[in-house]
Amino acid sequence: MIEIVGHIKRLAVGFGTMTSFGPETYGESFADVYDQWYGQITDAEATADFLANRHRSGPVLEVGVGTGRLAQPLIQRGMVVVGLDASASMLAQCPRSVHAVRADMAALPFAASSFGSALCAFNTLFNLPSAQSQQDFLNQIAHCLAPGAPLVIETITGHGLGSSNDSSLGVSRVEVDRLVLSATTVDADAQTITGQHVDITSCGIKMRPWFLRWTTPTQLDELVDQTRLQLVERYATWAQDPFEASGELAISVYERLKD
Ligand SMILES: C[S@@+](CC[C@H](N)C(=O)[O-])C[C@H]1O[C@@H](n2cnc3c(N)ncnc32)[C@H](O)[C@@H]1O
(Lines give C-alpha, C1' and ligand atoms only; values in the text may rest on other atoms or scores of the structure.)
Protein backbone atom coordinates (compact mmCIF):
# COMPACT_ATOMS: atom_id res chain seq x y z
CA MET A 1 0.00 0.00 0.00
CA ILE A 2 2.86 2.38 0.80
CA GLU A 3 4.17 1.70 -2.67
CA ILE A 4 0.78 2.61 -4.20
CA VAL A 5 0.50 5.86 -2.25
CA GLY A 6 4.00 6.84 -3.35
CA HIS A 7 3.07 6.10 -6.96
CA ILE A 8 -0.07 8.24 -6.71
CA LYS A 9 1.81 11.14 -5.13
CA ARG A 10 4.21 11.11 -8.05
CA LEU A 11 1.25 11.13 -10.45
CA ALA A 12 -0.34 14.10 -8.69
CA VAL A 13 2.88 16.09 -8.85
CA GLY A 14 3.39 15.23 -12.49
CA PHE A 15 -0.06 16.17 -13.83
CA GLY A 16 1.06 19.41 -15.37
CA THR A 17 3.14 17.47 -17.86
CA MET A 18 0.36 15.26 -19.31
CA THR A 19 0.60 15.95 -23.05
CA SER A 20 -1.08 13.12 -24.92
CA PHE A 21 -4.74 13.85 -24.20
CA GLY A 22 -6.61 13.50 -27.52
CA PRO A 23 -10.28 13.70 -28.60
CA GLU A 24 -10.88 10.04 -27.80
CA THR A 25 -8.91 9.84 -24.53
CA TYR A 26 -11.76 10.59 -22.12
CA GLY A 27 -14.22 8.21 -23.75
CA GLU A 28 -11.76 5.36 -24.12
CA SER A 29 -10.72 5.78 -20.48
CA PHE A 30 -14.22 5.82 -18.97
CA ALA A 31 -16.53 3.88 -21.35
CA ASP A 32 -16.44 0.64 -19.32
CA VAL A 33 -17.53 2.35 -16.09
CA TYR A 34 -19.39 5.40 -17.42
CA ASP A 35 -22.99 4.26 -16.86
CA GLN A 36 -22.18 2.71 -13.47
CA TRP A 37 -20.33 5.80 -12.21
CA TYR A 38 -22.20 8.60 -13.99
CA GLY A 39 -25.53 7.12 -15.08
CA GLN A 40 -27.41 9.31 -12.57
CA ILE A 41 -25.00 12.28 -12.50
CA THR A 42 -27.56 14.74 -13.90
CA ASP A 43 -31.31 14.61 -14.50
CA ALA A 44 -31.60 13.01 -17.97
CA GLU A 45 -35.42 13.23 -18.06
CA ALA A 46 -35.41 16.96 -17.25
CA THR A 47 -32.68 17.50 -19.86
CA ALA A 48 -34.80 15.76 -22.49
CA ASP A 49 -37.91 17.76 -21.55
CA PHE A 50 -35.91 21.00 -21.75
CA LEU A 51 -34.60 20.23 -25.22
CA ALA A 52 -37.84 18.74 -26.58
CA ASN A 53 -39.70 21.93 -25.62
CA ARG A 54 -37.34 24.01 -27.79
CA HIS A 55 -36.62 21.62 -30.67
CA ARG A 56 -37.54 22.63 -34.23
CA SER A 57 -38.24 20.06 -36.95
CA GLY A 58 -35.60 17.59 -38.12
CA PRO A 59 -33.04 15.57 -36.18
CA VAL A 60 -31.27 16.68 -33.00
CA LEU A 61 -27.47 16.50 -32.80
CA GLU A 62 -26.04 15.43 -29.46
CA VAL A 63 -22.36 16.35 -29.35
CA GLY A 64 -20.43 13.92 -27.12
CA VAL A 65 -23.30 11.44 -26.96
CA GLY A 66 -21.27 8.93 -24.94
CA THR A 67 -23.27 5.83 -24.01
CA GLY A 68 -26.56 7.47 -24.93
CA ARG A 69 -27.54 8.42 -21.36
CA LEU A 70 -29.28 11.60 -22.63
CA ALA A 71 -30.08 10.36 -26.14
CA GLN A 72 -32.39 7.61 -24.88
CA PRO A 73 -34.95 9.91 -23.21
CA LEU A 74 -34.83 12.17 -26.30
CA ILE A 75 -35.71 9.19 -28.51
CA GLN A 76 -38.48 8.24 -26.08
CA ARG A 77 -39.92 11.72 -26.76
CA GLY A 78 -40.07 10.95 -30.48
CA MET A 79 -36.89 12.75 -31.55
CA VAL A 80 -34.43 11.46 -34.13
CA VAL A 81 -30.99 11.66 -32.49
CA VAL A 82 -27.67 11.89 -34.30
CA GLY A 83 -25.03 11.14 -31.67
CA LEU A 84 -21.48 12.31 -32.37
CA ASP A 85 -18.57 11.06 -30.31
CA ALA A 86 -14.83 10.58 -30.80
CA SER A 87 -14.73 7.39 -28.75
CA ALA A 88 -15.52 4.05 -30.40
CA SER A 89 -15.89 2.42 -26.98
CA MET A 90 -18.51 4.95 -25.93
CA LEU A 91 -20.45 4.62 -29.21
CA ALA A 92 -20.36 0.82 -28.92
CA GLN A 93 -22.62 1.19 -25.89
CA CYS A 94 -25.11 3.55 -27.53
CA PRO A 95 -28.52 2.08 -28.36
CA ARG A 96 -28.98 1.25 -32.05
CA SER A 97 -31.75 3.81 -32.26
CA VAL A 98 -29.07 6.53 -32.02
CA HIS A 99 -27.57 7.45 -35.39
CA ALA A 100 -23.97 7.23 -34.24
CA VAL A 101 -21.23 9.29 -35.91
CA ARG A 102 -17.63 8.84 -34.84
CA ALA A 103 -15.84 12.15 -35.29
CA ASP A 104 -13.98 14.89 -33.44
CA MET A 105 -16.31 17.69 -32.41
CA ALA A 106 -13.57 20.08 -33.52
CA ALA A 107 -14.31 19.00 -37.13
CA LEU A 108 -18.05 18.48 -37.53
CA PRO A 109 -18.87 16.43 -40.66
CA PHE A 110 -22.36 17.84 -41.34
CA ALA A 111 -23.95 19.95 -44.05
CA ALA A 112 -25.47 23.39 -43.43
CA SER A 113 -28.85 23.56 -41.64
CA SER A 114 -28.91 19.81 -40.92
CA PHE A 115 -30.38 19.92 -37.41
CA GLY A 116 -33.46 21.25 -35.61
CA SER A 117 -31.53 21.52 -32.33
CA ALA A 118 -28.21 20.55 -30.77
CA LEU A 119 -27.22 19.51 -27.26
CA CYS A 120 -23.74 19.70 -25.75
CA ALA A 121 -24.23 18.65 -22.13
CA PHE A 122 -22.24 17.85 -19.00
CA ASN A 123 -19.18 20.01 -19.81
CA THR A 124 -18.47 18.25 -23.10
CA LEU A 125 -17.65 21.64 -24.69
CA PHE A 126 -14.80 21.96 -22.18
CA ASN A 127 -13.19 18.76 -23.46
CA LEU A 128 -11.98 21.03 -26.26
CA PRO A 129 -8.65 22.21 -24.87
CA SER A 130 -8.52 25.92 -25.77
CA ALA A 131 -10.71 28.97 -26.31
CA GLN A 132 -9.79 28.83 -30.00
CA SER A 133 -10.93 25.21 -30.41
CA GLN A 134 -14.18 26.06 -28.60
CA GLN A 135 -14.63 29.05 -30.92
CA ASP A 136 -14.06 26.81 -33.95
CA PHE A 137 -16.66 24.35 -32.66
CA LEU A 138 -19.23 27.12 -32.12
CA ASN A 139 -18.67 28.44 -35.64
CA GLN A 140 -19.18 24.98 -37.09
CA ILE A 141 -22.24 24.05 -35.08
CA ALA A 142 -23.89 27.35 -36.02
CA HIS A 143 -23.41 26.27 -39.64
CA CYS A 144 -25.03 22.86 -38.98
CA LEU A 145 -28.15 24.25 -37.29
CA ALA A 146 -31.24 25.33 -39.18
CA PRO A 147 -32.14 29.03 -38.83
CA GLY A 148 -33.99 29.53 -35.53
CA ALA A 149 -32.81 26.19 -34.09
CA PRO A 150 -31.43 26.13 -30.52
CA LEU A 151 -28.02 25.01 -29.26
CA VAL A 152 -28.21 24.01 -25.58
CA ILE A 153 -24.92 23.94 -23.67
CA GLU A 154 -24.50 22.73 -20.07
CA THR A 155 -21.30 23.87 -18.36
CA ILE A 156 -19.75 24.63 -15.03
CA THR A 157 -19.23 28.38 -14.66
CA GLY A 158 -15.73 28.20 -13.18
CA HIS A 159 -17.03 30.01 -10.12
CA GLY A 160 -14.92 28.96 -7.16
CA LEU A 161 -12.22 27.52 -9.42
CA GLY A 162 -10.80 30.63 -10.99
CA SER A 163 -8.67 32.13 -8.26
CA SER A 164 -6.33 29.41 -7.09
CA ASN A 165 -3.87 26.79 -8.28
CA ASP A 166 -4.86 23.76 -6.22
CA SER A 167 -3.96 20.10 -6.30
CA SER A 168 -6.05 17.60 -4.43
CA LEU A 169 -6.16 13.87 -3.88
CA GLY A 170 -9.31 12.20 -2.59
CA VAL A 171 -11.17 8.94 -2.39
CA SER A 172 -13.93 8.55 -5.02
CA ARG A 173 -15.15 5.03 -4.39
CA VAL A 174 -14.51 2.29 -1.86
CA GLU A 175 -15.99 -1.10 -2.70
CA VAL A 176 -15.24 -4.62 -1.51
CA ASP A 177 -12.95 -5.25 -4.48
CA ARG A 178 -12.18 -1.73 -5.69
CA LEU A 179 -10.64 1.55 -4.53
CA VAL A 180 -10.81 4.61 -6.76
CA LEU A 181 -8.63 7.60 -5.91
CA SER A 182 -9.19 10.94 -7.60
CA ALA A 183 -6.47 13.53 -8.14
CA THR A 184 -6.97 16.95 -9.72
CA THR A 185 -4.91 20.03 -10.41
CA VAL A 186 -6.41 23.41 -11.25
CA ASP A 187 -4.50 25.95 -13.34
CA ALA A 188 -6.39 29.18 -12.74
CA ASP A 189 -4.52 31.18 -15.40
CA ALA A 190 -5.05 28.60 -18.14
CA GLN A 191 -8.58 27.84 -16.83
CA THR A 192 -7.89 24.13 -16.88
CA ILE A 193 -8.58 21.20 -14.60
CA THR A 194 -6.48 18.10 -15.14
CA GLY A 195 -7.71 14.99 -13.39
CA GLN A 196 -6.91 11.36 -12.94
CA HIS A 197 -9.00 8.58 -11.46
CA VAL A 198 -6.72 5.82 -10.28
CA ASP A 199 -8.83 2.68 -10.32
CA ILE A 200 -7.32 -0.08 -8.18
CA THR A 201 -8.77 -3.60 -8.31
CA SER A 202 -7.38 -7.10 -7.86
CA CYS A 203 -6.71 -7.05 -11.64
CA GLY A 204 -4.32 -4.12 -11.29
CA ILE A 205 -4.37 -0.33 -11.63
CA LYS A 206 -6.20 1.45 -14.44
CA MET A 207 -5.58 5.13 -15.09
CA ARG A 208 -8.64 7.14 -16.12
CA PRO A 209 -7.51 10.65 -17.15
CA TRP A 210 -9.78 13.62 -17.78
CA PHE A 211 -9.25 17.24 -18.74
CA LEU A 212 -11.41 20.36 -18.87
CA ARG A 213 -10.66 23.85 -20.18
CA TRP A 214 -13.44 25.95 -18.67
CA THR A 215 -14.86 29.13 -20.14
CA THR A 216 -17.00 31.40 -17.98
CA PRO A 217 -20.53 32.18 -19.20
CA THR A 218 -19.41 35.72 -20.10
CA GLN A 219 -16.45 34.36 -22.08
CA LEU A 220 -18.74 31.83 -23.76
CA ASP A 221 -21.08 34.63 -24.83
CA GLU A 222 -18.09 36.50 -26.27
CA LEU A 223 -17.15 33.45 -28.33
CA VAL A 224 -20.74 33.06 -29.47
CA ASP A 225 -20.83 36.73 -30.48
CA GLN A 226 -18.34 35.82 -33.25
CA THR A 227 -20.80 33.29 -34.73
CA ARG A 228 -24.26 33.10 -36.28
CA LEU A 229 -25.71 32.31 -32.82
CA GLN A 230 -27.24 34.52 -30.12
CA LEU A 231 -28.00 33.94 -26.43
CA VAL A 232 -31.74 33.62 -25.79
CA GLU A 233 -32.01 31.94 -22.35
CA ARG A 234 -29.80 30.91 -19.41
CA TYR A 235 -30.69 28.91 -16.29
CA ALA A 236 -29.00 27.38 -13.25
CA THR A 237 -30.74 24.00 -13.58
CA TRP A 238 -32.60 21.86 -16.10
CA ALA A 239 -35.74 22.70 -14.07
CA GLN A 240 -35.17 26.32 -15.15
CA ASP A 241 -34.17 27.82 -11.81
CA PRO A 242 -32.88 31.36 -12.46
CA PHE A 243 -29.22 31.72 -13.34
CA GLU A 244 -27.11 33.76 -10.93
CA ALA A 245 -23.57 34.96 -11.61
CA SER A 246 -22.34 33.30 -8.41
CA GLY A 247 -23.80 29.91 -9.39
CA GLU A 248 -21.74 26.89 -10.35
CA LEU A 249 -23.74 25.64 -13.36
CA ALA A 250 -25.02 27.36 -16.50
CA ILE A 251 -27.50 25.97 -18.98
CA SER A 252 -27.28 28.30 -21.94
CA VAL A 253 -29.62 28.36 -24.92
CA TYR A 254 -28.25 29.93 -28.08
CA GLU A 255 -30.32 30.29 -31.21
CA ARG A 256 -29.10 30.15 -34.78
CA LEU A 257 -29.75 33.54 -36.36
CA LYS A 258 -32.08 33.59 -39.33
CA ASP A 259 -30.42 34.19 -42.70
C1 LIG B 1 -18.79 13.88 -20.12
S2 LIG B 1 -19.13 12.75 -21.41
C3 LIG B 1 -20.84 13.13 -21.70
C4 LIG B 1 -21.59 11.99 -22.33
C5 LIG B 1 -23.10 12.20 -22.43
N6 LIG B 1 -23.42 13.40 -23.18
C7 LIG B 1 -23.70 12.29 -21.04
O8 LIG B 1 -24.08 13.39 -20.62
O9 LIG B 1 -23.74 11.26 -20.37
C10 LIG B 1 -18.31 13.55 -22.78
C11 LIG B 1 -18.36 12.76 -24.06
O12 LIG B 1 -17.76 13.56 -25.07
C13 LIG B 1 -16.88 12.77 -25.84
N14 LIG B 1 -15.83 13.66 -26.35
C15 LIG B 1 -14.85 14.27 -25.66
N16 LIG B 1 -14.09 15.01 -26.47
C17 LIG B 1 -14.60 14.86 -27.72
C18 LIG B 1 -14.25 15.38 -29.00
N19 LIG B 1 -13.20 16.20 -29.17
N20 LIG B 1 -15.00 15.04 -30.06
C21 LIG B 1 -16.06 14.19 -29.92
N22 LIG B 1 -16.43 13.66 -28.73
C23 LIG B 1 -15.71 13.99 -27.64
C24 LIG B 1 -16.37 11.71 -24.89
O25 LIG B 1 -15.92 10.55 -25.57
C26 LIG B 1 -17.60 11.46 -24.02
O27 LIG B 1 -18.38 10.43 -24.54
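**Entry 1**

I started at the ligand and found one of its nitrogen atoms 2.7 Å from a polar backbone atom of Gly64. This is a predicted model, so I read every distance here as computed. Next I looked at Ala86, where a polar backbone atom lies 3.1 Å from a nitrogen atom of the ligand. I then checked how covered the ligand is: alone it exposes 600 Å², and the protein buries 97% of that.

**Entry 1: who is in the shell**

I looked up which elements give two or more residues to the shell around the ligand, and they are helix 2 (25-30) and strand 2 (81-85). The shell holds 21 residues, with Tyr34, Glu62, Gly64, Arg69 and Asp85 the closest. Sorting the shell by type gave me 11 nonpolar, 6 polar and 4 charged residues.

Where does the ligand lie relative to domain 1 and domain 2? Domain 1 (2-30 + 162-213) and domain 2 (36-159 + 215-256) both give residues to the shell, so the ligand lies between them.

I zoomed in on strand 8 (residues 192-201), which is joined to strand 9 by 10 bridges, the two running antiparallel. There I noted Ile200 standing opposite Ile205 of strand 9.

Definitions and conventions:
Residues numbered from 1 in each chain as written. Predicted model: local features only at pLDDT ≥ 70, side-chain atom pairs only at ≥ 80, totals over all residues. Heavy atoms only, no water. Near = heavy atom within 4 Å. Polar contact = N/O pair within 3.5 Å; in protein donor to acceptor, adjacent residues only side chain to side chain. Areas by Shrake-Rupley, 256 points an atom, 1.4 Å probe, with all protein chains shown as cover. Helix = DSSP H or I, 4+ residues; strand = E, 2+ residues; numbered from the N terminus. Nonpolar A, V, L, I, M, F, W, Y, C, P; charged D, E, K, R; others polar. Domains from an automatic or database assignment. Pairing = 2+ DSSP bridges.
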